[in-house]
Amino acid sequence: VEDCAAGKNAVSASEVLQAKLKKDIEKTLEQSSQLKNQLKVDVEDAIQSFKEASEMLTISATHLASAASELKRNRDVVFEIVPRSAKASRHASDELMECRNTLLKTAKTNGEVLADSSQIV
């Protein structure tokens, strides 16, 4: 009789343990699902941020190429057309300096975009 009672208690304890394990597994699966959903949102945000940074980089690169072309064109014009007077040289120098500053500003912006995108990734 005692062996039957001990066996019944063991089965009862096993059932309790099985129910607890099942509950723990379901809880873990739910937490895993929540983490998966949050990861999906985070990845989508990172993708969007990367797209925005890429667009900024493309715009910046276009401005940089434009500024570089303008600077080269202005420099070529200065060397071919400008009379060799101090006033003309000063005016040409001012225009070239403006183009140079635009080029440097654009290059700096380009570098900042690259730095920001590396932090995002």
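The following conversation covers surface patches and a salt bridge in a predicted model.

Biologist: How are residues numbered, and which atoms do side-chain values use?
Modeller: Numbering starts from 1 along each chain as its sequence is written, and side-chain values use heavy atoms, without hydrogens and water. As the model is predicted, local features need pLDDT of at least 70 and side-chain atom pairs pLDDT 80 or more, while totals for chains, interfaces and linings use all residues.

Biologist: How many salt bridges does the structure hold?
Modeller: The structure holds one salt bridge (a side-chain nitrogen of Lys or Arg within 4 Å of a carboxyl oxygen of Asp or Glu).

Biologist: Which side chains meet in it?
Modeller: Those of K20 and D24, at 3.1 Å, N to O.

Biologist: Where do K20 and D24 lie?
Modeller: Both K20 and D24 are in helix α1, four residues apart, about one turn of the helix. Helices (H or I, at least four residues) are DSSP runs, numbered from the N terminus.

Biologist: Why does K20 count as partly exposed?
Modeller: K20 counts as partly exposed because its relative accessibility is 49%; the class lies between buried, under 20% relative accessible area, and exposed, over 50% (1.4 Å probe, protein chains only).

Biologist: And D24, what is its relative accessible area?
Modeller: D24 has 34%, so it is partly exposed.

Biologist: Changing topic, which residues make the nonpolar surface patch?
Modeller: L17, L21, I25 and L29 make this patch of about 410 Å². Patch residues have over 30% relative accessible area and no salt bridge, with nonpolar side chains (Val, Leu, Ile, Met, Phe, Trp, Tyr) joined within 5 Å. Accessible areas come from the Shrake-Rupley method with a 1.4 Å probe; for residues, only the protein chains shown count as cover.

Key:
Patches are made of residues with over 30% relative accessible area and no salt bridge: like charges are joined within 9 Å, nonpolar side chains (Val, Leu, Ile, Met, Phe, Trp, Tyr) within 5 Å. Helices (H or I, at least four residues) and strands (E, at least two) are DSSP runs, numbered from the N terminus.
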